[in-house]
Amino acid sequence: MAAQIWGSEKRARRRREISAKIAQMPELHDSKPLPFMTREEKIMESARKLTILTEKMGQIIDPTDPAELYHLNNEVLGLEGNPMALHGVMFIPALSAQASDEQQAKWLPRALRREIIGTYAQTELGHGTNLQNLETTATYDLATQEFVLHTPQITALKWWPGNLGKSSNYAVVVAHMIIKAKNYGPHPFMVQLRDEKTHEPLPGITIGDIGPKMAYNIVDNGFLGFNKYRIPRTNLLMRHTKVEADGTYIKPPHAKINYSAMVHVRAYMLTGQAIMLASALNIATRYSSVRRQGQIDKSQPEVKVLEYQTQQHRLFPSIARAYAFQFAGAETVKLYEHVLKEMKSGNVSLMADLHALTSGLKSVVTYQTGEGIEQARMACGGHGYSMASYISEIYGVAIGGCTYEGENMVMLLQLARYLVKSAALVKSGQSSKLGPLVAYLGVKSEPTSLIDRIPNSGFTEYVKTFQHVSKRQTLKAADMFFGLMEKGEKREIAWNKCSVELNRASRLHTRLFIVEAFVRRVNEIADIRIKEALTDLLHLHVNYELLDIASYALEDGFLSASQLDYIRDQVYLYLGKIRPNAVSLLDSWEFSDIELRSVLGRRDGNVYENLFKWAKSSPLNKTDVLSSVTQYLKPMMEKARL
Ligand SMILES: CC(C)(COP(=O)(O)OP(=O)(O)OC[C@H]1O[C@@H](n2cnc3c(N)ncnc32)[C@H](O)[C@@H]1OP(=O)(O)O)[C@@H](O)C(=O)NCCC(=O)NCCSC(=O)/C=C/CC(=O)O
Ligand SMILES: Cc1cc2nc3c(=O)[nH]c(=O)nc-3n(C[C@H](O)[C@H](O)[C@H](O)COP(=O)(O)OP(=O)(O)OC[C@H]3O[C@@H](n4cnc5c(N)ncnc54)[C@H](O)[C@@H]3O)c2cc1C
């Protein structure tokens with residue numbers, strides 16, 4: 001199963017080997033539990049481990065293999081981030097996709113050797129979503145052949161970029177490029193921020209940390225201002241766009257090609273979210289098979305809480321989602337790598353499809369991951385609320401994904417634009433022009449669902465039902481939009497008035513893609529036992545998801561009430577079938593105790609003894625009487641007694 005999750009037997013084996021090596025290297029372990037550290041201590045601890053990793057990386061992993069590096073980071077540095085998180089996630093990808101060969105030769109080897117640390121600075125205090133209204137400018141000075149970076153006012157300060165505040169000395173900075181008073185829109189520039197020897201900010205640069213956040217606090221998200229700060233012309237990333245010495249602008253082959261670093265992260269973050277969801281579920285499911293509370297049959301001893309159907313209903317559909325996200329994520333990464341290769345050789349025709357797909361997936365996956373992790377926390381009762389479970393930290397980090405790399409509602413609306421265009425093709429009889437991801441919009445569906453009406457239909461009737469509701473909602477939302485415009489409404493106003501319906505279409509389309517990716521994967525599996533276990537999970541997935549969106553299929557009679565009862569019964573049936581496999585389905589992800597960082601989710605199940613140990617090690621317990629008592633509470637009580 002680990003081979004299915006991680007892509008191949010070799011990958012799964014390598015992960016195991018890497019974890020085993022890390023287990024033997026105490027210098028790479030947290031020196032004390034992270035929740036007992038201050039933010040400064042955590043940053044220090046992370047930097048300590050990061051430098052050891054840089055030294056010893058070659059002994060543990062193949063440093064040229066991104067999957068091995070990712071695993072190493074997760075295990076040693078953990079999900080709260082590290083001082084170089086953005087370096088790998090965005091800085092290097094931005095240079096790889098947007099810098100010319102010559103620029104790459106100059107900067108990439110230095111970045112890969114970690115001679116310099118970089119980040120991606122795009123969002124500003126006043127604008128994150130609306131890139132067209134970013135305010136930082138890069139004005140070309142023809143006389144010196146330099147760009148002059150400037151922050152005209154407070155709202156133009158770069159705000160949020162990870163590791164910008166204290167760790168990075170370089171950044172890819174996005175600024176409006178102005179040449180001879182003409183604004184060419186946002187473009188990426190390579191910018192040195194700090195002196196390479198002293199790490200002091202360079203003259204003309206204002207820089208710092210934006211303060212603590214809901215989670216992810218090892219990352220020093222920062223602010224950045226420029227005061228007429230000069231960089232050479234050749235620091236504009238010039239793979240796709242060029243500015244000649246005389247100010248001539250050579251436009252890119254696609255207007256949005258400069259957004260490729262964001263698409264990169266949106267494609268890769270799906271598996272990261274799946275891992276966080278599976279981690280939280282691993283903790284909750286293991287704990288649920290240790291925790292005994294109450295009886296189902298009063299004549300019997302107390303049961304493991306995992307025996308309760310409500311507990312299974314809380315956890316198992318999310319287990320299915322974690323697998324579904326992992327499989328959909330793997331497909332998306334493959335597609336991304338393909339599109340990137342095409343883009344590098346000048347073919348940009350697939351960019352719109354990839355942008356639409358990743359926008360929808362990023363939104364649905366992060367939202368449902370957040371839901372699943374929060375249910376996992378509640379499933380652990382009181383102990384879930386303790387940092388000893390570590391679930392609240394996982395939750396805090398995961399739901400950051402609903403906001404960064406494009407706010408979820410906004411990204412769903414990006415997919416909706418693509419769906420509406422596709423709907424227009426269908427309406428104008430040009431269905432043959434639909435791309436493969438939306439081809440179903442042009443296919444006539446049966447009048448009613450055949451779920452439970454055709455024996456041995458496998459998952460086909462489910463997929464058709466998802467296709468039906470997605471198509472119907474897309475066409476309905478598009479009709480609403482076109483209808484308003486026909487009535488004379490301006491395009492943008494009409495769009496806003498339909499946006500809730502449009503986003504519903506985007507979610508349904510994305511959920512269909514996820515279901516299909518799961519079905520595709522299960523169909524490919526040869527090992528009969530793995531196929532059986534994943535088929536049960538897939539049954540739970542399609543029935544649970546369909547029940548969740550049933551209103552769309554009920555309102556036009558595509559599904560009947562009796563079919564809904566069947567679907568509901570299937571959910572209950574598969575909860576029971578999955579129960580014996582539940583812990584194994586999560587243990588198959590092979591997270592080590594070092595990586596999970598959870599007292600509650602320990603592999604050995606020795607929860608209570610270790611919770612007590614954990615509590616005793618709380619810094620508050622170093623002394624029996626705190627100074628808050630001697631200084632304030634004791635005098636207060638004494639005064640009250642007088
Ligand atoms: C919302 C966005 C996409 C709007 O961008 P804008 O330039 O204003 O778009 P227009 O309205 O002019 O045009 C829309 C048009 O462009 C197509 N399009 C947009 N993006 C792409 C793309 N990447 N590839 C291909 N095509 C694209 C779109 O499909 C439309 O086509 P039509 O044919 O329908 O016209 C934009 O503002 C945006 O992306 N905003 C989100 C900002 C964001 O994601 N910021 C991330 C900052 S970095 C970060 O968060 C890091 C986090 C840390 C970590 O990851 O760990
Ligand atoms: C943990 C974290 C890490 C980050 N790291 C980085 C980084 O490394 N580099 C970087 O550059 N940035 C980074 N960011 C910034 C991040 O990319 C932005 O916060 C994000 O893109 C959302 O933009 P915003 O903050 O402007 O939200 P806003 O756009 O102000 O969103 C506020 C509300 O307005 C709604 N809204 C906005 N526009 C529209 C619209 N057109 N239609 C409908 N509704 C709309 C949104 O849906 C939302 O409900 C990070 C953010 C976080 C939280």
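In this predicted model, Lys616 lies over the face of Phe612, at 4.2 Å from the ring centre, and the charged end of Arg520 sits over the ring of Phe513, 5.6 Å from its centre; a charge is taken to sit over a ring if NZ of Lys or CZ of Arg is within 6 Å of the ring centre and within 35 degrees of the ring normal. Local features need pLDDT of at least 70 and side-chain atom pairs count only at pLDDT 80 or more, whereas totals for chains, interfaces and linings use all residues. Side-chain values use heavy atoms, with hydrogens and water left out, residues are numbered from 1 along each chain as its sequence is written, and chains are lettered from A and ligands numbered from 1 in the order in which they are written.

The structure holds 14 aromatic pairs, where rings of Phe, Tyr and Trp (its six-membered ring) pair if their centres lie within 6.5 Å, and planes under 30 degrees apart count as stacked, over 60 as edge-to-face and the rest as tilted. Tyr268 and Tyr336 form an edge-to-face pair, because their ring centres are 6.0 Å apart and their planes stand at 80°. Since Tyr268 lies in helix H7 (residues 260–288) and Tyr336 in helix H8 (residues 309–344), this pair ties together parts that are 68 residues apart in sequence; helices (H or I, at least four residues) and strands (E, at least two) are DSSP runs, numbered from the N terminus. Tyr268 is partly exposed, at 32% relative accessibility, whereas Tyr336, at 5%, is buried, with buried meaning under 20% relative accessible area, exposed over 50% and partly exposed in between (1.4 Å probe, protein chains only). The pair of Trp589 and Phe591 is stacked, as the ring centres are 6.0 Å apart and the planes are at 25°. Trp589 is buried, with a relative accessible area of 0%, and Phe591 is likewise buried, at 0%.

On a 1 Å grid over the protein atoms alone, a pocket is an open set of points where a 1.4 Å probe fits, with protein on both sides within 12 Å along at least five of seven lines, and lining residues have an atom within 4 Å of a point; grid points are joined across faces, edges and corners, and the volume is the space filled by probe spheres set on the points. Of the 19 residues that line this pocket, Pro33, Asp593, Arg597, Ser598 and Val599 are the closest to its centre. Helix H20 (593–596) and helix H21 (607–616) each supply at least two residues of the lining. By class, the lining has eight nonpolar residues, five polar and six charged, with Ala, Val, Leu, Ile, Met, Phe, Trp, Tyr, Cys and Pro counted as nonpolar, Asp, Glu, Lys and Arg as charged, and the others, Gly among them, as polar.

An unreviewed UniProt entry lists Thr123 and Gly162 under "binding site". These residues span 40 residues in sequence, yet no two of their C-alpha atoms are more than 10.6 Å apart, so they gather at one spot. Thr123 is found in the loop between strand E1 (118–121) and strand E2 (137–141) and is partly exposed, at 25% relative accessibility. Under "active site", UniProt (unreviewed entry) lists Glu405, which is found in the loop between helix H11 (391–400) and helix H12 (408–427) and is buried, with a relative accessible area of 12%. UniProt positions are given in the numbering used here, feature names are shortened, and annotations may be inferred rather than shown by experiment.
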